[in-house]
Amino acid sequence: MKRLFQVMLRLYPKSFRSRFSREMLTTFEDLRREKANCRSIWQIVFLLREIGGLLRGVCAEQFRFAVGSRQNLPAAVGAESGVNDGSNRSEIAELEERVRFHLSQTVDCIANHRFEGARIHAAEEDRARARLLVLQASIHRQANEG
Amino acid sequence: MRHVVSRTIGSKAKPLSEPVFLILTSLADQPRHGYALLKDVENLSGHQIRLSTGTLYGAIHRLLNDGWIERFEQEDVSRDKQAYRLTRAGRMRLQLELDRLKNITKAASARLRASEA
C-alpha cells in the first residue's frame, strides 16, 4: 500500500510534491495503521478512497500548475534567466495571485473606511511581495551564475 | 470587531466548500497536523465526512496560498508531521462564513414558522 501511494505521489507537480509529499505519506501511514485491525473489506474501501482522492488531487494540481504557469509567470523572468524550474514558477504564480487578491481587498477596505481590514490585507500583501522578491532574486542569481 | 470582520473580506466572497469550512473550523481552536485534522473533521461532521489524504492536502495547498492558514512549528512532533494554524485572514473568512450560514438559518427558520402558522 505504501509503495503504491509513493508511486502515485510522483504524479503531482514537482512544486507540490516538494512541499507536501513527506507529510502526505506520514498522514497516510497513520491512517493505514489505524485501519490495520479492521476487516479486509474496510481496508480495501480505505485504499480505494485514498487512491480516488489522490487521482482527483493530481488532476486538480496539474491543472492549476498548467494554468498558473501559462497565465501568471512573467515572461521576462523565464526568458532572462533561462531557468525552467517548475517549483519556482509555480510558487511565483501563486504569490502573484496572492498579491493581486490582497491588493484588491486593501483598496476595497480603504474605499469603504474599513481600516482594520485594510491593515491586515496590506500586511499579507507585503509578506507575499517579500517572498516574491526573494524568489525572483534567486532566479536571476542562478541565471547569472549559469 | 464582528462588524469589521464580516465586512472586511467583502460580501462577494464565495461560500466555502464543506471540507474547507470544516478544516478552518478544526484549526480555529488550536494548530493541528494532517492526521489530527482528518480525525477532527470526521468528528466535527458527525462521521459523515471522511477526507482522503489527497483531498486534505489539496485543500491545505489552496488555503496556504490564500493566506488563510500557515505552517506552525511544533517542537514535540517529528518533522514529517507539519502542523497548521489559522491566520487572522483565515479567522476573518471563517467568521464571514459563519455569519452567512447564520443568516440562511435564520431565514429558513422564519419561513418554516410562517408556513406552520
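Predicted model: local features only at pLDDT ≥ 70, side-chain atom pairs only at ≥ 80, totals over all residues.

Let me begin with the second largest pocket, which holds about 490 Å³ of space. Its lining comprises 22 residues, and those closest to the centre are A:Arg19, A:Glu91, A:Arg98, B:Leu64 and B:Asn65. Helix 5 of chain A contributes the most to this lining, with six residues. By class, the lining has nine charged, eight polar and five nonpolar residues.

Which residue does A:Glu29 pair with? The partner is A:Arg32, with the closest N and O atoms 2.9 Å apart. Both residues belong to helix 2 of chain A, three residues apart, or about one turn of the helix. A:Glu29 is buried at 14% relative accessibility, whereas A:Arg32 is partly exposed at 31%.

Other bridges cross between chains. A:Asp30 meets B:Lys81 at 3.2 Å, N to O; this pair runs from helix 2 of chain A to the loop between strand 2 and strand 3 of chain B. A:Asp30 is buried, because its relative accessible area of 10% is under 20%.

A:Arg127 and B:Glu70 form another salt bridge, at 3.7 Å. A:Arg127 lies in helix 6 of chain A and B:Glu70 in strand 2 of chain B, so this pair also joins two chains.

Finally, the surface: A:Ile41, A:Trp42 and A:Val45 form a nonpolar patch with about 300 Å² of accessible area together.

Terms used
Residues numbered from 1 in each chain as written. Chains lettered and ligands numbered in written order. Heavy atoms only, no water. 1 Å grid on protein atoms, 1.4 Å probe; cavity = no way out; pocket = protein on both sides within 12 Å on 5 of 7 lines; lining within 4 Å. Points joined across faces, edges and corners; volume = space filled by probe spheres on them. Helix = DSSP H or I, 4+ residues; strand = E, 2+ residues; numbered from the N terminus. Nonpolar A, V, L, I, M, F, W, Y, C, P; charged D, E, K, R; others polar. Patch = residues over 30% accessible without salt bridge, like charges linked within 9 Å, V, L, I, M, F, W, Y side chains within 5 Å. Areas by Shrake-Rupley, 256 points an atom, 1.4 Å probe, with all protein chains shown as cover. Salt bridge = Lys/Arg side-chain N within 4 Å of Asp/Glu carboxyl O. Buried < 20%, exposed > 50% of the residue type's maximum accessible area, 1.4 Å probe, protein only.
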